[in-house]
Amino acid sequence: MVDSLSTEFEKIYQHPATSLSSAPGRVNIIGEHTDYSEGLVLPCSLEFCTKVLYREREDNLVVVHSTNYPGESDRFDISEAIEHGNSQWGNYIRAMAFVIKRQGHSLCGVDVLISSDVPQGSGLSSSAALEVAIGGMFSESADLNLNSVTIALLGQEAENDFMDCQCGIMDQMISAKGEPGSALMIDCRDLSTQSIKIPDDLSLVIVNSNYPRKLVDSEYNQRRIDCEQAAKKMNVPMLRDATLELLASHRTALTAIEYKRAHHVITENQRVLDAMSALANSDMPTLKQLMSASHASLRDDFEVTVPATDGLVEICQTALGENGAVRMTGGGFGGAIVCLCREDDVALVKQAVDDQYFNKYQLHADVYVCSAGSGLKVEDIIAEPS
Ligand code: GAF
């Protein structure tokens, strides 16, 4: 893929690329909508990734093309104030330049070609993969030596302050720090991480509902406000600091919605802790119980599932029975579900989805059998003579 991308780069810019920055999408195993309450999450990076080929320029221009949007491009002057442009994907590059410059760093002009195989709009973090890969590029090309946590935090700032999505830190952290073959427990309060090897006998299957996602940012931002209100009424800095006892004692002070949102976050943080050892030990009955409880909580308390993702979870869980653990993954309002099962049972998931999903929801689902890939990598490339 890099060879054909290099050829494409040379065709566009008339000179070869010198470097490659790549960052992956992610799937979250458990710990959903907890990151912006400084809670716990357990995602893993995927082999699906965003590749950014680039070469420094002598002037201050950033010129960007993407194989995902043929015929479109964006360009801006890095020495001027960074404003929004006309292209939505181009704005992610502008957003990263904006937040890095805001920290007082100088950036240099670059020619850029992006290519991503992270499924878009499916809740597998294609935006974070782009932000982190672009962060790696700007850091290396301007010799800033930003570490992976700093790049992740800049990616979150780019979303919060330039793209108007008040997301937490999970997606950028796992894209920057993911490890092949492992999930990463991230403590979103101090950003410490603990890697947990995914046992060889477990397969990771993602099923994308392809449900058309609408109003995702406004609904998402509202969930964050609900959580902050609930924490405030319980007199704790964040929901991470609340307990079920504290919640019970504030039942009447909270609105019904705030109570449910807080109940989800408090119980989900505990599920992450319980899932860590269950995952490490391939303890399927416990994983099944925890992932089912997580899904039910996201459906009933956090209200971020849709009938198509609830239906997919039911179809896959019924097919796997006691031999699989299934739940929605990512921000919700559509998107994907994740199944953990033995390799021999993957066929059961595919068959059940083929047989039932379209008939019930008039949508075609995509099934991906995945492995955990590596986090951000920036490397020099030696272009083959064309
Ligand atoms: C989205 C956000 F970007 C993450 O920060 C996280 O909140 C997730 O939804 C839900 O767990 O992916």
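How do the axes of helix α10 and helix α11 cross, and within what distance do they come? I looked that up, after some notes on the model.

**Model.** I am reading a predicted model, in which local features need pLDDT of at least 70, side-chain atom pairs count only at pLDDT 80 or more, and totals for chains, interfaces and linings use all residues. Residues are numbered from 1 along each chain as its sequence is written. I checked pLDDT, the predictor's confidence in each residue, from 0 to 100. The chain has a mean of 96, and 98% of its residues reach 70 or more. I also noted ipTM 0.99 and pTM 0.96.

**Helix pair.** Back to the question. The axes of α10 (residues 307-320) and α11 (residues 346-361) come within 9 Å and cross at roughly 145 degrees. Axes here are lines fitted to C-alpha atoms, for helices over the stretch in contact, and angles run from 0 to 180 degrees between N-to-C directions. Helices (H or I, at least four residues) and strands (E, at least two) are DSSP runs, numbered from the N terminus. The crossing of α10 and α11 is right-handed, meaning that the near helix is turned clockwise from the far one by less than a right angle. I then listed the contact (C-beta atoms, placed from the backbone, within 7 Å). From α10 it includes Ala308, Gly311 and Leu312; from α11 it includes Leu348, Val349 and Tyr361. By class I found twelve nonpolar, two polar and one charged residues. Ala, Val, Leu, Ile, Met, Phe, Trp, Tyr, Cys and Pro count as nonpolar, Asp, Glu, Lys and Arg as charged, and the others, Gly among them, as polar.

**Domains.** Bounds come from an automatic or database domain assignment. Domain 1 is 2-194 + 373-380, and domain 2 is 199-370. Their C-alpha centres lie 26 Å apart.

**Ligand.** Which residues are around the ligand? Among them I found Asn28, Glu32, His33, Cys167 and Gly330, counting a C-beta atom, placed from the backbone, within 6 Å. The shell divides into three nonpolar, five polar and three charged residues.

Methods: Contact = placed C-beta atoms within 7 Å.
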